[in-house]
Amino acid sequence: MRKWNKITIDTTTDAVDAIAYQLGELGVLGGIEVIDHIPLTKAEMEEMYVDLLPDDIAPNDGTAKVICYVHEDTDIEDLIVKIGLTLQEVGQFLNIGEGTISLGETKDEDWVNNWKKYFKPFRLDDNIIIKPTWETLDDQKEDDIIIEIDPGTAFGTGSHETTRLCIHQLKKHIKEDTTLLDLGCGSGILSIIGLKLGVKTAVGTDIDPNAIRATKENCEINGISEEEMTAYQANVLADDAEPVKEMIGYGKYDIVVANILADVIIPLCSIVTPFLKEDGLFITSGIINTMEDAVKEAMIANNMEILETNYMKDWVSITAKPIR
């Protein structure tokens with residue numbers, strides 16, 4: 001049983017997004033948990049099928065905890081120093097509150113199972129419902145698409161704004177016989193939803209073996225065959241990635257989607273065009289608003305036309321196509 005270091009940062013709700021983003025920049029990609037006391041809105045309660053909330057929820061005092069998990073082999077002392085420096089930087093323009101860092105330990109089974117009591121079915125949009133495998137669903141419409149998900153230790157339950165932005169664009173552009181390449185597939189949720197919306201075949205890649213395992217398990221749960229969805233552990237940005245790229249396939253895809261971080265999307269702009277068909281689209285998300293211009297500059301520098309930009313809270317989705 002593998003062990004993980006649990007890092008908890010005591011901060012404020014105002015600083016949560018900035019800290020979570022910076023953790024990603026430091027390479028913490030295994031999933032980030034946020035605990036706060038912000039009450040759910042009426043819309044959120046309806047989306048999550050919540051009728052009653054526990055009586056012991058503390059009043060919102062503006063505080064929050066940002067929790068992340070890193071493998072026990074990580075140089076934890078070096079990482080904590082870097083997180084401390086990051087907090088100092090964020091604290092220059094946001095109130096980070098206590099800004100304290102504490103360290104604990106957990107096992108795979110704890111991480112995977114302890115949070116399940118908080119993950120309930122929710123409506124991703126008008127007709128897509130994300131349902132954890134251990135929950136039952138009583139309230140659904142006739143045309144609802146039900147996606148069963150068990151994200152395990154891989155990021156990607158579909159609730160985040162970046163995923164919603166991607167789904168919005170996929171719904172607009174998926175046609176009959178659409179082929180999809182999902183770079184940084186996480187739990188496979190974008191590909192699975194794409195296949196349910198009419199994608200003919202999907203290929204996913206991720207550098208994390210946990211993500212590939214979760215993707216394959218979630219495909220099986222949702223009745224997605226190996227012929228419909230293939231997932232590879234691969235880093236397409238690596239110096240020796242040419243064999244991987246050839247395996248994935250050049251010129252095969254109508255859509256390449258990347259819901260990652262801006263700092264990954266920027267170099268992807270230089271290699272994505274060969275994967276796309278003549279009229280293919282590059283749909284991106286996971287871009288914090290402060291990085292919007294940098295991503296657009298990378299797209300333009302790599303001979304892409306920006307077709308559409310969409311926003312949700314602090315996050316940005318950019319859809320582009322290569323100029324051939």
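View 1. The average pLDDT (the predictor's confidence in each residue, from 0 to 100) is 84, and 85% of the residues score at least 70. Residues 47-55 fall below 50, and that stretch has 18 contacts (heavy atoms within 4.5 Å) in the model beyond near neighbours in sequence.

**View 2. Helix α3, residues 76-90.** Helices here are DSSP runs (H or I, at least four residues) and strands are E runs of at least two, numbered from the N terminus. At 1.5 Å a residue, counting one less than the number of residues, the 15 residues of α3 should span 21 Å; the end C-alpha atoms sit 21 Å apart, which agrees.

View 3. Ile76, Leu79, Ile83, Thr86, Leu87 and Val90 are buried (under 20% relative accessible area; exposed is over 50%, partly exposed in between; 1.4 Å probe, protein chains only).

**View 4. The largest nonpolar core.** This set of buried Ala, Val, Leu, Ile, Met, Phe, Trp, Tyr and Cys residues, joined through side-chain atoms within 4.5 Å, has 33 members, with Met299 and Phe282 among those with the most contacts inside it. Met299 touches Phe282, Ile318 and Ala320, among others, leaving out residues up to four places away in sequence.

Numbering starts from 1 along each chain as its sequence is written, and side-chain values use heavy atoms, without hydrogens and water. In this predicted model, local features need pLDDT of at least 70 and side-chain atom pairs 80 or more, while totals for chains, interfaces and linings use all residues.
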